[in-house]
Protein chains: 2
Amino acid sequence: VPDNKQSLEYLFHPRSVAVVGVSTVPGNFANEFVLQGLLQCGYQGEIYPVNRRVSEIKGLKAYSSLMDTPGPVDYLYVSIPASSVPQLLKESIAKGVKATAFYTAGFGELGDEEGRDLEAQIVEIARQGGIRLIGPNGLGIYCPRTGLAFSPTSSNNSGPVGALCQSGGVSLTLIDVCEPRGIHFSKLISYGNATDLNEVDFLEYFTNDPETEIIAAYIEGVKDGPRFVKVLKEAAATKPVLILKGGTTAAGKRAVSSHTGALAGDNDIWNTIFNQTGVIQADDLNELIDLLMTFRFMPPLKGQRLGVIGAGSGGGMSVLTTDVCERAGLIVPHLSNSVREELLKFTAKAGTSVRNPIDCVVSTAYDPKGIGQTIKVVASSPEIDALFIHFDSNGFTYTHGLELLKAQAKSIIQTTQESGKPTAVVIRPVAKWAEMVSQLEQKYLKAGLPVYSSETRAATAIAKFIQYHQKIKGRK
Amino acid sequence: VPDNKQSLEYLFHPRSVAVVGVSTVPGNFANEFVLQGLLQCGYQGEIYPVNRRVSEIKGLKAYSSLMDTPGPVDYLYVSIPASSVPQLLKESIAKGVKATAFYTAGFGELGDEEGRDLEAQIVEIARQGGIRLIGPNGLGIYCPRTGLAFSPTSSNNSGPVGALCQSGGVSLTLIDVCEPRGIHFSKLISYGNATDLNEVDFLEYFTNDPETEIIAAYIEGVKDGPRFVKVLKEAAATKPVLILKGGTTAAGKRAVSSHTGALAGDNDIWNTIFNQTGVIQADDLNELIDLLMTFRFMPPLKGQRLGVIGAGSGGGMSVLTTDVCERAGLIVPHLSNSVREELLKFTAKAGTSVRNPIDCVVSTAYDPKGIGQTIKVVASSPEIDALFIHFDSNGFTYTHGLELLKAQAKSIIQTTQESGKPTAVVIRPVAKWAEMVSQLEQKYLKAGLPVYSSETRAATAIAKFIQYHQKIKGRK
């Protein structure tokens, strides 16, 4: 067994990458995702495509075998049938490859003897040869800083999120959904069957990685329970750890077994572990993304009291948003008379609620000065800890035009920032105005405000965020 | 008190509409929403804009007062300050107006004596004059068949949903979000403070309306509890009734009171009423929309056993989708060996799960024949009651290109329809490919398949749909 104490840092800046399994078939994953990903993400080392039949792929010289590549190969990307892997692995050792990632599936997860034998065989070869394996049945490493990538849709924007992900599809979705929302990664590892390097190794790495401030994980099962708990405890004591656990139901556990061959384990045990270590558990993939949004952009809150401001949303959405926030465990307190009086100095009495929720009447909401003043008054109240600003998802909002909505956004951003109160923004998507929604989202995100696509999703994530900080405080 | 037994049918096909409160101010609601809405929705009767200062608005001749309008006025739309309403109402009676809707706010919901007095006054005037009021503080009637509308974004597509909605903003959102999702209305009424015509009147109307097959409601409070329960019971015994209740928390109840002046009432009582009458309660606005999607497009299921098929979604999303379905109370059964063997006849063993969830490997998922065959095999199993087909929300899906994805959709639509098994489609939104997502959604919707934007939202709505049908069955 290799020394797991050795830092995995070298994995993230290989001098060269060989990609075995590129092809002339259109849409081939190794070509269109791995090679194209490396090129678009600006990987600076040498890239060696390997294919017996062609001499050039995507402007890169191709080699007929791994042994024919001219320089040293630090990182090998494998996308060939499982049965050919043992031979390739032996060549890799001869070549001096340090680590290899396998897109290839068809190992232990098949659940039959053949698959298990093949998996045992490659692990044996790798250990004897001192080469580290990521996968099989995973997409390997995404590291924006060094341009290491497995998808052409991933950018080279680095960020504070370190992610370990037992599913390739979930990895791609995380990258593609997080990127436009301003949530960027230090490193993301798609590690599939975890035959050699596994969740514990990556968790340990991220715990000590100065580039990683938030750890996110999609985990189906663990190889070594006691070691996992020990490392998780340390990780969660060092930085926030958000985990989406796959296989929390009987059928889900069965699906896990045929996906990565992992044992999903008992829910009660998992819940106890999460609880004791202070891990934040996400209930589905959207919730993991919302939690990432919150931990990335929201400063810690002093308490759970929200000033809920509907910027022209109408009274009904104010009622519903308030219900949703309170059901999630947040508080929408009745604000004192002084706030009401301040607001009534400049806003119409009719069509407005001024006691929290604040249902900002149209003439105030779409007047940049009016919405700014409203926020200033509400934010300055010592009765609330944060602002929760929501917009209507219908034509009434968008017929005001992008310019006015941008002016509104500018005023909201400026006044919330001046107020120093943590602020969440909810912009519900609406098909007909998708382009305007997207531009407004970007404006808020670029100013560092978290943006959510529903009041329920925002409230759920913020409530868990507050719980986390209360727990942290309790520990100190 | 007017005879509530009289059918409200006349409300929906007035010979003429007068709009008082049109203005020369840009963006004015009466102009841009009401007048423009009537014009775009193709209202066939006479439209009389009323404004003292102009002679023409939006190509329509304007009149300086209601009394100056040439023909009879059946329906009056009021958007003037609250204090001027009593006088206008007296004129309306003289003019022979049958019903009037008030966008105008500033009545009982203000919570002060002035507002309450004004509200009592207009109700008194209306009752004496035999004119019916909708609102105040509401948007009135949307009836696509007759072109009656209050928003330029509403279409004249008629559908089976009758909606009563105590919030104008929620009404607009319902219309704007439902329209592109193929959910159309027979009538929608935004009824605000419900001073005269109220929730019970509209509920009773929809119960007997042959154009309405599904009743949806956003309700903040009721005026007459016992009568409401009696009518609701009858409504829910006649057709599905979906209710989103505003004010289910302490702060939400307070917000209700300042929004429409309603008493939100005790949650336990509401829950008992919903339970006893068989009403389906939505927990938030998105859930109401998902329920509408389900009741509109999903045929009744024989049971809660799903065949979960990930069309190239990857194993992780299959695991997570399965967890979410089972947590919602649905069942993802382990399919028998015969299904597995049938599937393995044409699909690769590696990278696939074939025991349910079905994690359809890429080479099969994006081959229209392959995905079709997969669905055929799974759908024909007597071990499942419905299909739950989901797609990945990342570039891997969309780099296959719109043409291939449309061919995939065509095959999915054809084989699910041939199978006769109820089918749900989940297409998770992803900003970068929003346009492709939208086109694919439309393709599935046009074929009559319900489309949801997350596995969690789909599972929650479908579970409630099944519960409803089980309850109905139990009654018979």
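Strands here are DSSP runs of E with at least two residues, numbered from the N terminus. Keep that in mind for the exercises below, and remember that the model is predicted.

**Exercise 1. Locate B:N51 and work out whether B:N51 is buried or exposed.**

Solution. 
- Start with the strands: β2 of chain B covers 46–50 and β3 covers 56–57, and B:N51 sits in the loop that links them.
- Next, check the accessibility. Buried means under 20% relative accessible area. B:N51 comes in at 8%, so B:N51 is buried.
- Now look around. Skipping residues up to four places away in sequence, B:N51 touches B:V22, B:S23, B:T24, B:I57, B:Y63 and B:S64.
- Then zoom in on the side chain of B:N51. One of its polar atoms has the backbone nitrogen of B:R53 at 2.5 Å, and the backbone nitrogen of B:V54 lies 3.3 Å from a polar atom of that side chain.
- For a sense of scale, jump to B:S313: 262 residues along the sequence from B:N51, and 58 Å away, C-alpha to C-alpha.

**Exercise 2. Trace the open six-stranded sheet of chain B and find the helix that packs on it.**

Solution. 
- Write down the strand order: β15-β16-β14-β17-β18-β19, with mixed pairing.
- Pick out the edges. β15 (353–354) and β19 (451–452) of chain B each pair on one side only.
- Helix α17 of chain B, residues 455–475, packs on this sheet and touches β17 (386–391), β18 (423–427) and β19. Compare directions: α17 makes about 165 degrees with β17(B).
- Finally, take one pair of strands. β14 (306–311) and β16 (358–360) of chain B run parallel, paired over three bridges. One to find on screen: B:A311 has B:C360 as its bridge partner in β16(B).

**Exercise 3. Work out how chain B relates to chain A.**

Solution. 
- In general, a rotation about an axis plus a shift along it relates two copies of a chain.
- Look for what approaches the axis: in chain B the nearest C-alpha belongs to B:A434, 4.0 Å away.
- Now compare the interfaces. Of the interface residues of chain B, 100% are interface residues in chain A too, so the copies meet through the same surface.

**Exercise 4. Find the residues with the most contacts inside the largest nonpolar core.**

Solution. 
- The core holds 294 residues, and the ones to pick are A:L292, A:Y444 and B:Y444.
- Leaving out neighbours within four places in sequence, its contacts are A:V161, A:L174, A:C178, A:I183, A:I214, A:A216 and A:L242.

How values were computed. Residues numbered from 1 in each chain as written. Chains lettered and ligands numbered in written order. Predicted model: local features only at pLDDT ≥ 70, side-chain atom pairs only at ≥ 80, totals over all residues. Heavy atoms only, no water. Core = buried A, V, L, I, M, F, W, Y, C linked by side-chain atoms within 4.5 Å. Buried < 20%, exposed > 50% of the residue type's maximum accessible area, 1.4 Å probe, protein only. Contact = heavy atoms within 4.5 Å. Least-squares fit on C-alpha atoms with pLDDT ≥ 70 in both. Pairing = 2+ DSSP bridges. Helix = DSSP H or I, 4+ residues; strand = E, 2+ residues; numbered from the N terminus. Axes fitted to C-alpha atoms, helices over the stretch in contact; angles between N-to-C directions. Polar contact = N/O pair within 3.5 Å; in protein donor to acceptor, adjacent residues only side chain to side chain.
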